[in-house]
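Subject: Structure for your review

Hello,

Here is the structure we discussed. Please look through it alongside the notes that follow.

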Amino acid sequence: MSIADNLKELKKETDQYNVTLVAVSKTKPVEDIQEAYDAGQRIFGENQVQELMEKYDKLPTDIEWHLIGHLQTNKVKYIAPFISMIQSVDSLKLLQEINKQAEKNKRVIDCLLQVYIADEETKYGLSFDEVIELLRSPEYLELKNIRIRGLMGIATNTDNEKQIKEEFYELDTFFDGLTQSFFRKDDSFDELSMGMSSDYKIAMEQGCTMIRVGSTVFGKRVIKHWKNN
Ligand SMILES: *Cc1c(COP(=O)(O)O)cnc(C)c1O
């Protein structure tokens with residue numbers, strides 16, 4: 001199936017759940033992204049700053065770029081002028097730097113806090129307690145040029161659907177709790193990003209508002225370094 005066909009199939013499912021699709025284009029060439037764009041897709045996710053910058057320069061300006069991978073503080077300045085959403089915020093320090101660079105660019109940058117839900121050592125993210133600590137801190141309350149729009153989580157990479165379901169369920173429950181306790185008067189806390197190609201159906205059933213899907217849109221990622229494609 002073509003990229004356009006894949007998007008059309010996915011749209012049937014996302015429409016049913018009223019979920020936003022972030023097409024994850026990491027490692028894929030600009031031609032593939034253009035093809036998805038021509039089929040109507042406007043939101044794309046990348047996980048590396050340099051790759052994102054080069055693609056940003058070559059593609060239509062009305063694309064909404066989401067950063068979904070670990071972000072180093074010293075690289076925030078490169079994406080601050082144009083990034084639509086940073087989904088992978090995993091520390092107060094990073095949030096403070098995003099705020100600083102957003103202010104320089106006279107912008108307010110939408111962010112998601114990445115929450116650690118997987119039963120794996122390698123994944124980045126905050127624990128539930130760390131999220132609460134961050135939201136309670138006076139340093140966070142001072143930040144005027146970022147807006148926390150919600151949470152992002154990655155489930156364990158496993159065939160055990162029950163486990164994935166439980167991880168998403170916990171994150172959804174936590175999200176609802178935060179909405180009640182910290183964002184009662186702020187209805188812009190409204191995004192729950194969970195689910196990728198292998199588990200987006202489970203994520204939609206568990207109440208996500210956004211899925212991040214790569215290989216189901218663009219095909220398998222075989223080559224690691226996108227420029228050598
Ligand atoms: C790569 C990636 C995805 C998409 O993965 P697929 O399995 O190709 O759908 C989603 N989220 C994050 C954080 C990723 O790094």
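K106 is exposed, with a relative accessible area of 76%, the cut-off for exposed being over 50%. The residue sits in the loop that joins α5 (92–104) to β5 (109–116). Its phi is positive, about 50°, although K106 is not a glycine. Please bear in mind that this is a predicted model.

T27 also has a positive phi without being a glycine, in this case near 70°. T27 belongs to the loop between β1 (20–24) and α2 (30–38). With a relative accessibility of 12%, T27 counts as buried, because the limit for buried is under 20%.

Next, strand β2 (residues 43–46), which contains E46. E46 has 0% relative accessibility and so counts as buried. Its side chain makes a polar contact with the side chain of K55, at 2.8 Å. Leaving out residues up to four places away in sequence, E46 touches a set of residues including S25, K26, I33, L52, W65 and H66.

Last, a pair of helices. The axes of α6 (residues 128–136) and α8 (residues 161–181) come within 12 Å of each other and cross at roughly 20°. That angle makes α6 roughly parallel to α8, since angles under 35 degrees count as such. The crossing is right-handed. On the α6 side the contact is formed by F128, V131, I132 and L135, which meet E170, L171, F174 and L178 of α8. By class, this contact has seven nonpolar residues, one charged residue and no polar ones.

Regards

Terms used
Residues are numbered from 1 along each chain as its sequence is written. This is a predicted model: local features need pLDDT of at least 70, side-chain atom pairs count only at pLDDT 80 or more; totals for chains, interfaces and linings use all residues. Side-chain values use heavy atoms; hydrogens and water are left out. Axes are lines fitted to C-alpha atoms, for helices over the stretch in contact, and angles run from 0 to 180 degrees between N-to-C directions. Helices (H or I, at least four residues) and strands (E, at least two) are DSSP runs, numbered from the N terminus. Angles under 35 degrees count as roughly parallel, over 145 as roughly antiparallel, 65 to 115 as roughly perpendicular and the rest as oblique. A crossing is left-handed if the near helix is turned anticlockwise from the far one by less than a right angle, and right-handed if clockwise. Contact means heavy atoms within 4.5 Å. Ala, Val, Leu, Ile, Met, Phe, Trp, Tyr, Cys and Pro count as nonpolar, Asp, Glu, Lys and Arg as charged, and the others, Gly among them, as polar. Buried means under 20% relative accessible area, exposed over 50%, partly exposed in between (1.4 Å probe, protein chains only). A polar contact is a pair of N or O atoms within 3.5 Å; within protein, one must be able to donate a hydrogen and the other to accept it, and residues adjacent in sequence count only if both atoms are side-chain atoms.
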